[in-house]
Amino acid sequence: MSLFEHKAYNQHEHVAFFQHKKSGLKAIIAIHNTNLGPALGGCRMWPYMNSAEALTDVLRLSKGMSYKAAMANLKLGGGKSVIIGDPRQDKSNDIMLAMGDFIQSLSGKYICAEDSGISVDNIKVMGQRTQYVSGIEAKFRYDGGPADGNPAPSTAYGVFMGLKAAVRHKLQSDIHGLTVAIQGLGHVGYRLAEHLHNEGAKLIVTDIFPDNLDKAVTQFGATVVKPDQIHAVQADVFAPCALGASINDDSIDDIKARVIAGAANNQLAEEHHGDRLKDKGILYAPDYVINAGGVIDIYHQRMDSSAAKLRDHIEGIGETLSGIFKRADDENKATSTIANIIAEERFLSGY
Ligand code: NAD
C-alpha cells in the first residue's frame with residue numbers, strides 16, 4: 001500500500017497509523033493542512049474491507065476539511081480520523097480510550113469531533129485521555145435557544161442563508177412564493193424546510209422514511225414525491241439534504257431547478273459535474289461552503305464566544321457564496337472551481 005503515490009494523497013502533512021492490540025483499535029489520523037490552525041475533523045467508524053480502503057477515505061475526507069474550514073473563515077486546518085470496525089458490533093470503552101491516547105499523541109495538531117458511527121458519548125470517552133476533542137459540550141445555540149450540542153440547527157440555518165444568497169443572485173428574488181424541492185428530511189433537511197416555510201416557500205419533499213414526511217405535510221403543507229423523482233420536479237431550487245452524489249450522469253439532465261443549494265456533502269458525483277451545471281445555466285452553491293454551519297458552531301463552542309457571534313459567522317456563509325457566484329460569473333468558471341481556487345489561496349498561503 002503506497003502513501004505518497006496514493007491517488008488520494010494531496011500533500012498531506014501528516015498521516016499516522018495506530019494499532020492497540022489489547023483493545024483491538026486500528027485507526028488512522030490524516031492531517032491535510034495546518035497552515036490556518038490545528039486540523040479539526042470528525043472521527044468515522046466504519047467496517048472498511050481493508051486498511052487501503054480506510055486510508056483512501058481518511059485522505060479524501062481530511063482534504064475536504066481544509067477546504068471547508070478555509071471557506072468558513074476559521075482558523076482551523078483540515079483533518080479526519082477513521083476507526084476500522086463495525087460501529088454496531090466492535091465499539092468498546094477501551095477502543096475509545098485508546099483512540100483518545102492516539103489523538104493525544106499528536107499534541108493538538110488534530111482535534112477530533114463526531115462523524116458517522118461515532119457518538120457524542122464516544123467522544124466523551126476519548127476526552128478522558130485527551131483535551132483535543134470537540135463537539136461534546138454546547139454553551140449556546142445560534143438563535144439563543146437551549147443548546148444540546150447537535151450542530152444540525154446551525155448547519156440548517158447556514159444552508160438557509162446560502163440558499164437565499166443563491167436565489168438572490170440567480171433569480172433576483174426573495175424566497176416568498178418560490179418552490180423548493182428538498183431531498184431528505186433528516187436533522188438538517190427538516191429544519192431547512194421549517195425556515196423556508198416560515199418565509200413563504202412552497203415545498204416538495206421526499207425521504208425514504210415516512211415519519212418526517214407526514215409531519216412536513218401537516219406542518220408545512222408540503223407535497224411529497226418518491227425519492228427517485230425529487231431531483232426532476234418542477235421547482236425553483238433543488239436542495240440535496242440526504243446522501244452524496246445526487247448530481248450525477250443519470251440525474252443531471254433531468255434537473256429543472258435553476259438553483260442547487262443543499263446540505264449534503266459531496267453532492268457532485270465528479271468534479272466535471274460542476275462544469276456541466278454551469279453550462280446548463282444552473283447555479284450551484286458548493287456543498288462545503290453552504291453546509292459549514294456545523295463546523296462553525298463547533299469552532300465557536302471551543303472559543304470564548306457567544307450566540308450572537310456564532311449567528312453572525314453563520315450568516316457570513318451567504319456573503320461568501322455571493323462572492324463566489326460573482327467571481328464565477330466574472331471568470332466564466334464553475335462555482336465549484338472558484339470555491340476550490342479561493343480555499344486553496346487561503347490555506348496554502350496560510351494568510
Ligand atoms: P440525517 O441522517 O439526519 O438525514 C438524512 C435524511 O435523508 C434521512 O432522513 C434519510 O432517511 C434521508 N435519505 C437517505 N437516503 C435518501 C434517499 N435516497 N432519498 C431521500 N432521502 C434519503 O443527516 P443530516 O444530519 O440531516 O445530514 C444530511 C446531509 O448533510 C448529509 O449528507 C450530511 O453529511 C450533511 N451535513 C450534515 C451536517 C450536520 O450538521 N448534521 C453538517 C454538514 C453536512
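Axes here are lines fitted to C-alpha atoms, for helices over the stretch in contact, and angles run from 0 to 180 degrees between N-to-C directions. This is a predicted model, in which local features need pLDDT of at least 70 and side-chain atom pairs count only at pLDDT 80 or more, while totals for chains, interfaces and linings use all residues. Residues are numbered from 1 along each chain as its sequence is written, and side-chain values use heavy atoms, with hydrogens and water left out.

**View A. Helices H4 and H10 cross at roughly 35 degrees.** The axes of H4 (residues 152-171) and H10 (residues 307-331) come within 9 Å. Helices (H or I, at least four residues) and strands (E, at least two) are DSSP runs, numbered from the N terminus. The crossing is right-handed, a term for the near helix being turned clockwise from the far one by less than a right angle. Look for contacts (heavy atoms within 4.5 Å) from H4 residues including Tyr157, Met161 and His169, and from H10 residues including Arg311, Ile314 and Phe325. By class, this contact has 9 nonpolar, 6 polar and 4 charged residues. Here Ala, Val, Leu, Ile, Met, Phe, Trp, Tyr, Cys and Pro count as nonpolar, Asp, Glu, Lys and Arg as charged, and the others, Gly among them, as polar.

**View B. Tyr67 and Tyr288 form an edge-to-face aromatic pair.** The structure holds 6 aromatic pairs. Rings of Phe, Tyr and Trp (its six-membered ring) pair if their centres lie within 6.5 Å; planes under 30 degrees apart count as stacked, over 60 as edge-to-face and the rest as tilted. For Tyr67 and Tyr288 the values are 5.9 Å centre to centre and 70 degrees between the planes. Tyr67 belongs to helix H1 (residues 51-71) and Tyr288 to helix H8 (residues 287-290), 221 residues apart. Tyr67 is buried, at 7% relative accessible area, and Tyr288 is buried at 13%. Buried means under 20% relative accessible area, exposed over 50%, and partly exposed in between (1.4 Å probe, protein chains only). Ring pairs also bring in Phe347, linking it with Tyr67 and Tyr288 into a cluster.

View C. Tyr190 is in helix H5 (residues 187-198) and Phe220 in helix H6 (residues 211-220), 30 residues apart. Both Tyr190 and Phe220 are buried. Lys215 lies over the face of Tyr190, at 4.6 Å from the ring centre; a charge sits over a ring if NZ of Lys or CZ of Arg is within 6 Å of the ring centre and within 35 degrees of the ring normal.

**View D. Helix H9 (residues 293-302) is mostly covered.** In this helix, 9 of its 10 residues are buried, among them Val295, Ile298 and Tyr299. Their cover includes strand S3 (39-46), H1, strand S5 (110-114), H4 and H10.

**View E. Gly85 sits in the loop between strand S4 (77-84) and helix H2 (93-104).** This glycine is buried, with a relative accessible area of 8%. Leaving aside neighbours within four places in sequence, Gly85 is in contact with Met45, Trp46, Pro47 and Asp90.

**View F. Gln11 has a positive phi, near 55 degrees, in a residue other than glycine.** You will find Gln11 in the segment before strand S1 (14-20), and it is exposed at 65% relative accessible area.
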